Amino acid sequence: MARRRLDLTFPPRQATKAIAYHLVKDYDLVPNFLRAQIQPGQQGRMLVEVSGKKESIDAAITFLGHEGITVAEAASDLNLDEDRCVACGLCTAVCKPGALSLATGDYALVFDKDKCVYCEACVVACPRRAVTLTF
Amino acid sequence: MAKSWEEINARIARGEAVVVTAEEFAEIAKADGVKAAARKVDVVTTGTFGPMCSSGVFLNFGHSDPPIKMGTITLNDVPASGGLAAVDTYLGVTEPSLTKGIEYGGAHVIEDLLSGKAVRLKATGPGTDCYPRTEIDTWVTLEELNQAYFFNPRNAYQNYAVAVNSSDRAVYTYLGPLLPRLGNATFCSAGALSPLLNDPTYRTIGVGTRCFVAGAPGYVAWEGTQHNPNQTRDEHDVPVAPSGTIAVIADLKAASPEFFSAATFTGYGVSSFVGIGVPIPVLDEEIAETLALTDADIQATIIDYGVATRSRPSFGRVTYAQLRSGEITIEGRKVPTGPISSLPKARRIATVLKEWVGERRWTLAPPLQPLPQPGSQAFKPLEIRNEEAV
């Protein structure tokens, strides 16, 4: 079983396509939609984590490409402004998946992107407004 | 083995004083014993960097021509007090902006001034014979102000509550967002590094004590507001809930944005992280005992902020070591924890203060007047009543 996080960009004309159905039915993948911005007639974006066989994921990416969807590996969507951060640690108190934590020893802030579900709890909690989500 | 203030100061002046942070002192005491640590070390430095709402600055702008008696005053659209002399003001950190609300407040103005940015000053006055101008709109910088100094009425709380929320909805507090059904616990103390936890009965910290305030050399000016020496204490006389506080004064021009950071707590308001550190002389073994305490020895009380009353229910006590582990157990349930007070910054403050005492030869002085001692005064609530009931 493989797991990948994909950043899908939909062209305006494709924005209503039922992608989830095809991922599940045709490629036997388990999609977990983390974030989505879909408006009819506009470019859309979706952040989806897919689990399944590695070759199925590759085939699904090829399919998405043929459908006119730009597929990229989810990049650094959560940004921490190190100059603003004071390492108070409040973000770690609201991070349910445990993506943000404090290192033992020096208590520096550690971000594990793989665990992040882009819920924005840290964005709201950060008293320094040092955390932003680009998508 | 007892050392006098004079002996310790003489060693500082000669550059021979042994100065360590509270964390380092605990390690020395663990390895060599408290007695040996007390003999070896002269001064222990402390530090804390948490949100401290009762903070602010006095400013004097100088007089314009013709002059104005400023009544309503804003700095970058944040109101400041017009209740002082013509061009004096007090800007409190929690004051929200008239245009940006809590996303920009008094604390942000102070951080901007500290960062060297120009700030827009607008004021109106009544127009009097001696102050004929009625309006002013100009820009000021920290460098150009005549006086600019912190006067923080309540800093460096001696211990604080651990906040949880037993209700069914998230609550947004000055201790951060608290998730429903005991979803998290937040806490706000530097624990074993915290100034007043290292001198629990205020033997060495009092009016006139030299201290570190936001990167500037400052003084303890008075007891802090809500100073409550009568809180429940443990076997080391260390309070297990919010208790002592200090009011501090320091030159804003000597402060640093590294140790003063504006804060916005969503759903609550504006505050500021303020760096405070106090050097504590190792006078005898008694004070060495408390200086040697670690996070495993210091407890805090868990309070339910899901109940919106003055007296909130408690879920018992935990140690700072448990809180720092990232998880505590409340009524059999595992609850993730997160701090609001920055330990890396607290350590940095204690380290800077070590340099001030050791290398800059910052001598210490006994309090000119002690802070109110345990048993000396009550902490009173505010009753809602009419004039007849007084």
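A polar contact is a pair of N or O atoms within 3.5 Å; within protein, one must be able to donate a hydrogen and the other to accept it, and residues adjacent in sequence count only if both atoms are side-chain atoms. Keep that in mind for Asn60(B), whose side chain makes a polar contact with the side chain of Asn146(B) at 2.9 Å. What you're looking at is a predicted model, where local features need pLDDT of at least 70, side-chain atom pairs count only at pLDDT 80 or more, and totals for chains, interfaces and linings use all residues. Residues are numbered from 1 along each chain as its sequence is written, chains are lettered from A and ligands numbered from 1 in the order in which they are written, and side-chain values use heavy atoms, with hydrogens and water left out.

**Around Asn60(B)**

- Asn60(B) sits in strand β4 of chain B, residues 56–60. Helices (H or I, at least four residues) and strands (E, at least two) are DSSP runs, numbered from the N terminus.
- With 15% relative accessibility, Asn60(B) counts as buried. Buried means under 20% relative accessible area, exposed means over 50%, and partly exposed is in between (1.4 Å probe, protein chains only).
- A polar atom of the Asn60(B) side chain also lies 3.0 Å from the backbone nitrogen of Gly62(B).
- Leaving out residues up to four places away in sequence, Asn60(B) touches Val87(B), Asp88(B), Leu145(B), Asn146(B) and Gln147(B). Contact here means heavy atoms within 4.5 Å.

- The size of an interface is often given as the accessible area lost when the parts come together. For chain B and chain A, about 1,800 Å² is buried between them, and 57% of it is on carbon and sulfur atoms. Buried area is the accessible area (1.4 Å probe) that two parts lose on being put together, summed over both.
- On the chain B side, Pro177(B), Pro339(B) and Pro344(B) lose the most area to chain A, together 21% of what that side buries.
- Chain B puts 30 residues into the contact and chain A puts in 20 residues.
- How many salt bridges cross the interface of chain B and chain A? The rule finds two, counting a side-chain nitrogen of Lys or Arg within 4 Å of a carboxyl oxygen of Asp or Glu.
- Arg128(A) and Glu111(B) meet through their side chains in a salt bridge, at 2.8 Å from N to O.
- Among the elements giving two or more residues to the chain B side are β15 (176–178), β27 (333–339) and α8 (343–358). The largest share, five residues, comes from β21(B).
- That side of chain B divides into 14 nonpolar, 11 polar and five charged residues. Ala, Val, Leu, Ile, Met, Phe, Trp, Tyr, Cys and Pro count as nonpolar, Asp, Glu, Lys and Arg as charged, and the others, Gly among them, as polar.

**Aromatic rings**

- Searching the whole structure turns up 14 aromatic pairs over all chains. Rings of Phe, Tyr and Trp (its six-membered ring) pair if their centres lie within 6.5 Å; planes under 30 degrees apart count as stacked, over 60 as edge-to-face and the rest as tilted.
- Phe150(B) and Phe260(B) form a tilted pair, because their ring centres are 5.5 Å apart and their planes are at 40 degrees.
- Those two come from distant parts of the chain, 110 residues apart: Phe150(B) is in strand β12 and Phe260(B) in strand β21. Phe150(B) is buried at 0% relative accessibility, and Phe260(B) is buried with a relative accessible area of 0%.
- Tyr160(B) and Tyr174(B) have ring centres 6.3 Å apart and planes at 80 degrees, so this pair is edge-to-face.
- Tyr160(B) is buried at 15%, whereas Tyr174(B) is partly exposed at 27%.
- Tyr160(B) and Tyr174(B) belong to one aromatic cluster that also includes Tyr157(B), Tyr268(B) and Tyr305(B).

- Nine of the nine residues of helix α4 of chain B (residues 106–114) are buried, so the helix is largely enclosed by the rest of the structure.
- Just after α4(B), Gly116(B) has a positive phi of about 85 degrees.
- Most residues other than glycine have a negative phi, and most peptide bonds are trans.
- The peptide bond from Asp65(B) to Pro66(B) is cis, with omega near -5 degrees.
- Tyr202(B), which isn't a glycine, has a positive phi near 55 degrees, and Tyr202(B) is buried at 2% relative accessible area.
- Asp237(B) isn't a glycine either, and its phi is positive at about 70 degrees; Asp237(B) counts as partly exposed at 40%.
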